[in-house]
Amino acid sequence: MAFNFWVTATVDLLLLLIFTVIPFSICQPTDQAPPPSADSCNSIFLSYSFNQGTKLPPNVTDRTRQPYRFESTLLILNNGLQELKSWKVFVGFQHDEFLVSASGAVLADGNSVPGNVGNGTVFAGFPMTDLKTAIETAGDFTQMQVQVKLVGTQFGVAPPNSPMPTNISLANDGYLCPRPTLLGKSEMHVCCRPDPSVKTNITTSEEFLPRQNGDLTIMYDVTRTYDSSYWAQVKISNHNPLGRLDYWKLSWEWMKDEFIYSMKGAYPSVVDSTDCIFGRQGTYYKDLDFANVLSCAKKPTIVDLPPTKANDTMLGLIPFCCRNGTILPSHMDSSKSISAFQMQVFKMPPDLNRSQITPPQNWKISGVLNPTYKCGAPLRVSPSEFPDSSGLPLNSTAVASWQVVCNITHVKDDTPKCCVSFSAYYNDSVVPCRTCACGCPHNTARTCNATSSAMLLPPEALLVPFENRTAMAVAWAGLKHYPTPNPMPCPDNCGVSINWHLYTDYRDGWSARITLFNWDEVNFADWFAAVQMKKAAPGFQAMYSFNATTLELDGANNTIFMQGNPGLNYLVGETDGVHPERDPRVPGKQQSVISFTKKNIQVLNMAAGDGFPTKVFFNGEECLLPKTFPVNDSRRNLASLIPSILTLLFVFVFVQQ
């Protein structure tokens, strides 16, 4: 009897817990209420709270490099009158943080987590990108705010100290954020308000953000949608007059286990369905033949198709497709400034309905010897319009559209991909490309000197690969009494080099000769180059083997843009010599003379730098310039002749006597 009573009492207690405590916990909101300091903010409230941290192995003697785990919370709350669309927040991390996870957000620069954020980073909302107001939600915090849980590793800040960022601020356009207020040692907050000086044409009734400007834009347009799949068109558009891509590679990150079933106009660089077969995709789609699936990678890489596939009924017939990954500036050829492809994407539960579409995140795009692009997070924009397939004079709209904006960036540690050498009519030595201009391997100490200045060269040395120049450089140094370093300087290691030769200089004008060398095995179709001149660009007259024109950049008309004429627009790669067993390899080469006038231009000192460019670009990539100009030897040569002149004069006077 006592045992039965005990069992009955235990069951009653469990039932009491089930019907009281558990429902109470389920009813609690997933987002905590904002802190009291948010009550005084009538706009966008931000807070950063350090929750806890622990020491991590290994134990190091340098305390500044000791790793510690950190857990923090970033809060974004809309207390304003207008919906905050596509929110972005900057967090000024300063302790070499390595972010492991960020719930409710992605990195706005397209990088993936885990990753380094030690110099600060911008977070973008995902999957909740927009924050509604209290007015339109009756104060529902689940729609008004986002709490981003951050977990990562920081260095050097031991408990009980808190590794706080230097700053937090709203990164959306049109807002002003003062310096944040620090509460104690582990929390800071700030109230960001609309900038009254910014005039916007966005109204509160508009559903989408306006389309943004950038060096490169990518549209992700969903054109057809079904319960378990959809068709999307991806269109890449170049808007920078010096921007360009060759053999482009495009990648992104699927966020909900999507996979690519078929494509037209482009193809994955690796066709592989293994991740689906052994993943939950294979478990759910039991009757799907995964032998036909193109890519199950979480981060697929997409490449363009060759022109021969443009009219292929299975792979081509997509406008702006199939150009071997070449995207040109619009002023060169507007039809070649766009690249596009289509793909069929399969979804996974629980997103199995027509309206549930999640665009991929963390977009990246790159090319061969092209600028470095950084891409932002996808922004929901108004549906794109396309010419109707029926041929009628009307447009059809996409189901949904997202825009990714990419801009050319110059990262501090990025190495150039091309270099420049200088030469002039008044000096028979060439100032070559800098040592390690395009980078050097780390193990060069025994073979060459990575810090030594490049040796001056005879002009003919520019025509042979670096490995064949050593004897020529040493012989030239001996002839000219130049020092010969030991070990010799390392090569420039650039795939493309450009020689700028000051050709002539006279009273009313001057001329130069530019030569392009392709030391790589990659051919460049529709190549272009550009030079910026500090003072001489307005005097540009003509180019004789290239098609050239002046180009206004950033309000300054100091850039000369050049490309090959028909038949000369193909810069071939390096090839074998006539007798490969004894002849050096031969670079692809293009050359032209360019002429200038000096009329209506301030006095030009050609040897001091006015006859040389301040910036040089090849296919959009800025090339590394030499640190010095060719020395004008005319005065030195005259000085060397004075003793001979005096001797002749003495002999002449002596004979006359």
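Reading the disulfides

Q: Which hand does the disulfide of Cys 419 and Cys 433 have, and why?
A: The torsion about the S-S bond gives the hand: for Cys 419 and Cys 433 the torsion is about 85°, so this disulfide is right-handed. The model is a predicted one. In it, the sulfur atoms of Cys 419 and Cys 433 lie 2.2 Å apart.

Q: Where in the chain do Cys 419 and Cys 433 sit?
A: Cys 419 belongs to strand 26 (residues 418-424), while Cys 433 is in the loop between strand 27 (427-431) and helix 6 (470-480). The two are 14 residues apart, and the pair links distant parts of the chain.

Q: Why does Cys 433 count as buried?
A: Buried means under 20% relative accessible area. Cys 433 has 9% relative accessibility, so Cys 433 counts as buried. Cys 419, at 0%, also counts as buried.

Q: How many disulfides does the structure hold?
A: The structure holds 10 disulfides. One of them joins Cys 438 and Cys 494, with sulfur atoms 1.9 Å apart. Its torsion about the S-S bond is about 95°, so the link of Cys 438 and Cys 494 is right-handed. Cys 438 lies in the loop between strand 27 and helix 6, and Cys 494 in the loop between helix 6 and strand 28 (496-505), so the pair ties together parts that are 56 residues apart in sequence. Cys 438 and Cys 494 are both buried.

Q: Is the link of Cys 321 and Cys 322 left-handed or right-handed?
A: The angle about the S-S bond is -75°, and the link of Cys 321 and Cys 322 is left-handed. Their sulfur atoms are 2.4 Å apart. Cys 321 and Cys 322 are each buried.

Notes
Residues are numbered from 1 along each chain as its sequence is written. This is a predicted model: local features need pLDDT of at least 70, side-chain atom pairs count only at pLDDT 80 or more; totals for chains, interfaces and linings use all residues. Side-chain values use heavy atoms; hydrogens and water are left out. A disulfide is a pair of cysteine sulfur atoms within 2.5 Å. Buried means under 20% relative accessible area, exposed over 50%, partly exposed in between (1.4 Å probe, protein chains only). Helices (H or I, at least four residues) and strands (E, at least two) are DSSP runs, numbered from the N terminus.
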